[in-house]
There are 4 protein chains.
Amino acid sequence: MESVIRYTDEPELNKPVLIEGLPGVGNVGKVVADFMADQLGAKHFATVISKHFPPQILIDPSGIAIPATNELYYLKDVGESHLDIIFLLGDFQAVTPDGQFAVCNELMDEVFLKHDVSTVFTLGGYGTGQIVETPRVLGAATDMETKNKLEPYGVSFVPGEPAAGIVGASGVLLGLAQFHGIEGACIMGETSGYFVDYKSACYVLDVMEKLFGVKFDRSDLELKCQQIEELAEKVRTYEASKNKDNLGYIG
Amino acid sequence: MESVIRYTDEPELNKPVLIEGLPGVGNVGKVVADFMADQLGAKHFATVISKHFPPQILIDPSGIAIPATNELYYLKDVGESHLDIIFLLGDFQAVTPDGQFAVCNELMDEVFLKHDVSTVFTLGGYGTGQIVETPRVLGAATDMETKNKLEPYGVSFVPGEPAAGIVGASGVLLGLAQFHGIEGACIMGETSGYFVDYKSACYVLDVMEKLFGVKFDRSDLELKCQQIEELAEKVRTYEASKNKDNLGYIG
Amino acid sequence: MESVIRYTDEPELNKPVLIEGLPGVGNVGKVVADFMADQLGAKHFATVISKHFPPQILIDPSGIAIPATNELYYLKDVGESHLDIIFLLGDFQAVTPDGQFAVCNELMDEVFLKHDVSTVFTLGGYGTGQIVETPRVLGAATDMETKNKLEPYGVSFVPGEPAAGIVGASGVLLGLAQFHGIEGACIMGETSGYFVDYKSACYVLDVMEKLFGVKFDRSDLELKCQQIEELAEKVRTYEASKNKDNLGYIG
Amino acid sequence: MESVIRYTDEPELNKPVLIEGLPGVGNVGKVVADFMADQLGAKHFATVISKHFPPQILIDPSGIAIPATNELYYLKDVGESHLDIIFLLGDFQAVTPDGQFAVCNELMDEVFLKHDVSTVFTLGGYGTGQIVETPRVLGAATDMETKNKLEPYGVSFVPGEPAAGIVGASGVLLGLAQFHGIEGACIMGETSGYFVDYKSACYVLDVMEKLFGVKFDRSDLELKCQQIEELAEKVRTYEASKNKDNLGYIG
C-alpha cells in the first residue's frame, strides 16, 4: 500500500454519504466540510498518511508536530435526512498526478467500498478569477438521475462550466465513484480563487442544509463572510478607480 | 495493480486480433479504431482506470462526469475473415514513460494474454509535418512473416521511416507482443500531425477492410475527409502565395 | 519492498530509543549521531539499500566501492539511563519526496516497530542563515508530555521556529512515530547552514548527555569546534569591515 | 515486478562470473561485452523488458520492431580459466534514478543470485574529456582482496579517480554485489567520452583476456580502433593549429 490507514474507531454505518473537503481552489470545499463536521459533532475514526503527501511536518504554536495526513470522520442519522456521513478532511492533497489517483483509489478500496458508501459528494471551488456578488453553485454528476435530484437543491449544471473539467481529489474521487457504479456529484462554489472564500462556502452550505435537512448556526462563518465581503468591496473599488484613471489618461 | 479493470461482460473469444486505437499523432489510429468499432457494432466488455491517466474528469454538455479511462470492446466472427477482434479505445494515454509501460503491460497480462490474443495491430499516425495528397500507410512488424503478409494489403515498410521509431502505447504494445511471441504490426497513416486527419484514416481503413474482409459505409467519414481536403487546400494555397510574395520581395 | 535490509546481527533490545542522524542542514544531526555511536561503541546490525537512494557508488582512496546505504547500529544499557539505543546513520537520504516517506515507512514497519521502539529522536539542524555565538537547541515533539520532559534538558520550544516545519527524514520519521503512537521529538541545533557545524553539534550533545546520563570525551570534536569558531570569527570580522566600508561609502 | 523476464533457455551454471556491458560513457563497456559474447559464442537465455526502459520501439532497416530490452547470455568453461560467464547486454539503461536501482535489483534477485554468481565485473568508460594516447584501465572493487587480485592484470586503482564515483548500472550493480557479499569490480577504460571508443575498449579487452585466459581475434575491432586513432589524430592536429593561431593573434 502506498498509504497507511490507522483506525481509531470502527463505526457501523448504513450506506453512508461520503463528503470530501480537501484543500483546493479558494478552499471552498474544505471550509464547508470542516464546518459541517465540526458543527454536527462528527467523530474521528481514521488517520491516513501516504508517501504521496509532502514529506514534512508542520509545528503548531506549542511545538507539537503536525504531520501530513488526511482524516476520516463519521456521523450517524443526520438531520431530517437521517443519512449517515463519512467526511474526508485534511490539509494536504497528494503532490503528484499518479499520487492523486493512488490515494483516492486506496481510500475507495480500503474504506469507502468497505463501508458501502451510497453517494459521493466532492466539494470544491470553481475558480473564475472574478469576484462575484452572488456566487453560483455548480455541479458535475455521475449520471442524469443524480443531476436531476440536485438541481432543485440549487446546484446548477451549466454546459461548458467548468470548461477545463475538475482536477485533483474532487475529480478523481468522483470518477472512481462513477467507475464503481456509485452515484455522486462534485459541488463547486463559484470563487475568484484569490483567497479563502467563506462567502462562496456559505452558498454551498445552503445546498448541504437542504440535502441533509439540517440548519447550521453560521455566526462564526458569517463574521468571516463579512470580512471577505469588505475585502472584495475594497478590491472592486480599487479596480474601478484604476479604470477611471486609465480613461483619463487616454482622454 | 496500478490500473483497475471493471468488466461489464465476459466474452468467449477465439484467438482474437487486438486493435489498439488510442490518441496519437493526427489521432489517425483513434479515428480508425473508433470508426471500426462503431460501424461493426462492437460490444463493450471492460473499463480501465489507472493512476497513470491524468488525475481529472472532463464534463459533458449535460453536466455528466467523463473520467480518464480506456475502454475495451469485442466482436466475434468479423467479415470474410471470420476473425474475433478486441478493440482498445479511449481518450487518454498514460502521462509518464513508465506509466505507458505499466498500463500496456497490465492490459497484456490481465486481458490480452488471458483471451489468447493471436495478433496485435497498433494503429497510429506517422507525423511528417507535411500535408500530402496521397498519404502512405507505413508499417513496423514483429517479424518478417508478418511483414510479408501485410505488404500485399497496402502496408509499406520503408527503411528509415519512421526514423525516430514509435513512442507510446502503439510502440510499447507492439514490443510487448513481440516479447510474448505474438505476431503483429504497427500500422501508421502518413499525416502532417497538424489536425485530426480523417483523410489519412481513410487510407488505413482501406488496409483494415482488406485484412478483415469487410466493407465500411464511409459516408460520415468522407464528409470529414472532404473538409480536411478543403482545409489542406487552403493551407497549400496560402503557403504558395506566401512564397510568391517572398520572391517578389527579394526581386 | 522498495528498500532492501541485510542483517549482520539480531540484537534483543528492550524498548529501545531510536536516534536518527542522517545528513541535513549543517549536518548537525549526523555529526551528533555518528559521534555518539562511535564513542559508545555501538554495534552494526543492518545495512539498508534502496531504489530511493542515488543510483551510484562513491570510491574511497583505496579504490573500494562505497554504495549508497543507510546503516543501523545498536547499544544496550547506556549510561545512567540504562536505555537501549538504535542508531539510524548514513551518508544519504532518499532523492524524491515519496522516496523519503517510503524509506522511513519501511524502516518503521520492518525494523523499528519490530524492535518495539519506545521513543524516537530525530536530530537535525535549524538553518537560520546566521552565525550565532551560542546556538540554541530547538525542538518539535509528538505530544505535550514529551515536550515537558525535554524542556528541562535544554530543548527550547519556540512558537514559529522553525516556521517552515521540518522536511526530510527528520520530519517524516517523527510524523510516523506520532502516527504509531510512539513519543518522540526532533531536536535541532541552530546553525547558519553554511558548513558542517561541529559547534552546534556540541550543544545538541549536551542534551544527549543529560538524556542518557553519559559524559563524552569531546577532545576530537572540540578541536573541530574551535576550527569552526575561528572560521566563524573570520566571517564576522569580514562582514563587519564590509559594513564599515559601506558606511564610509555612503558617508 | 517492475521488469519482466522471459527465459529462452535454462542453463546450469557453476558459480558464474557476471559481466555487465550496458551503454555508457564512450560505450566502452558495451563494446567490450558485446565483442566478448560474440567472439566466444555466448548463448542467449533471457530477455528483460521493464517499465523503466524508454517506452518505445526502434525499427530495423527491414521494418522489424526492436523493443527496449536487456538481454542475458551465458558461456560455460571459458578459456584457461574454465569459468562460466553470464553477460548482461543491451541498448538501453533505465531512464530514472530509482529505475536504475529497480532493474538491477530485480536482476540480482531473480537471475544472478539464483544462478549463484560468484563475481561481478561491471564494464564502463572513465570519461575525462581528453583524448589520450594510451588509455589507462581503472578500477573500483568491492574489497581489498579483489583489488589485489586485479592489479597484476593491468587494472589501476588511483585515489580520486573517478572523483565523482560511478553512476548508473555499473555503479548500482557493483554496490548490490558488495551488499550481497559477492566480490567484484567496475573496470573502466579511460576515454574522452566524445565517441564510441574502440581503442579504449581494446585496453579493457587486454585485461579480460588475462582474467579468463583467452585470446581474441581482434581484426574487426582493430580496424575500428584505427579509425578512431585517425579521428583522434585529426582532432589533436586541429586543436594544436587552433592554439597556434591563438598565440599568433595574441602576439
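Colleague: How much area do chain A and chain C bury between them?

Modeller: About 2,000 Å², with 68% of it on carbon and sulfur atoms. Buried area here is the accessible area (1.4 Å probe) that two parts lose on being put together, summed over both. Some ground rules: this is a predicted model, where local features need pLDDT of at least 70 and side-chain atom pairs pLDDT 80 or more, while totals for chains, interfaces and linings use all residues. Residues are numbered from 1 along each chain as its sequence is written, chains are lettered from A and ligands numbered from 1 in the order written, and side-chain values use heavy atoms, without hydrogens and water.

Colleague: Which residues of chain A lose the most area to chain C?

Modeller: Lys51(A), Pro55(A) and Ile57(A). Together they make up 32% of what that side buries.

Colleague: And how many residues are in contact there?

Modeller: 18 residues of chain A meet 29 residues of chain C. Contact means heavy atoms within 4.5 Å.

Colleague: What about chain A and chain D, how far apart are their closest C-alpha atoms?

Modeller: 15 Å, and no contact joins those two chains. Chain B and chain C do not touch either; their nearest C-alpha atoms are 15 Å apart.

Colleague: New topic. Which ring does the charged end of Arg6(B) sit over?

Modeller: The ring of Phe179(A), 5.0 Å from its centre. Arg6(D) has its charged end over the ring of Phe179(B), at 5.0 Å from the centre. To count, NZ of Lys or CZ of Arg must be within 6 Å of the ring centre and within 35 degrees of the ring normal.

Colleague: How many aromatic pairs are there over all chains?

Modeller: 8. One of them is Phe35(C) with Phe216(C), centres 5.5 Å apart and planes at 70°, so it is edge-to-face. Rings of Phe, Tyr and Trp (its six-membered ring) pair if their centres lie within 6.5 Å; planes under 30 degrees apart are stacked, over 60 edge-to-face, the rest tilted.

Colleague: Where do Phe35(C) and Phe216(C) lie?

Modeller: Phe35(C) is in helix α1 (residues 28–39) of chain C, and Phe216(C) is in the loop between α5 (198–212) and α6 (219–250), so the pair ties together parts 181 residues apart in sequence. Helices (H or I, at least four residues) and strands (E, at least two) are DSSP runs, numbered from the N terminus.

Colleague: Is Phe35(C) buried or exposed?

Modeller: Buried, at 10% relative accessibility. Phe216(C) is buried too, at 8%. Buried means under 20% relative accessible area, exposed over 50%, partly exposed in between (1.4 Å probe, protein chains only).

Colleague: Now chain D. How many residues does helix α5 have?

Modeller: 15, residues 198–212. From first C-alpha to last, α5(D) reaches 20 Å, close to the 21 Å expected at 1.5 Å a residue. That expected span is 1.5 Å times one less than the number of residues.

Colleague: How many of the residues of α5(D) are buried?

Modeller: 12 of 15, so by the under-20% cut-off the helix is mostly covered. Among the buried ones are Tyr198(D), Cys202(D) and Phe212(D).

Colleague: What follows α5(D)?

Modeller: Gly213(D), whose phi is positive, near 60°.

Colleague: Back to chain A. Which residues does Val207(A) touch?

Modeller: Val137(A), Tyr153(A), Gly154(A) and Val155(A), not counting residues up to four places away in sequence. Val207(A) lies in helix α5 of chain A. Val207(A) is buried, with a relative accessible area of 2%.
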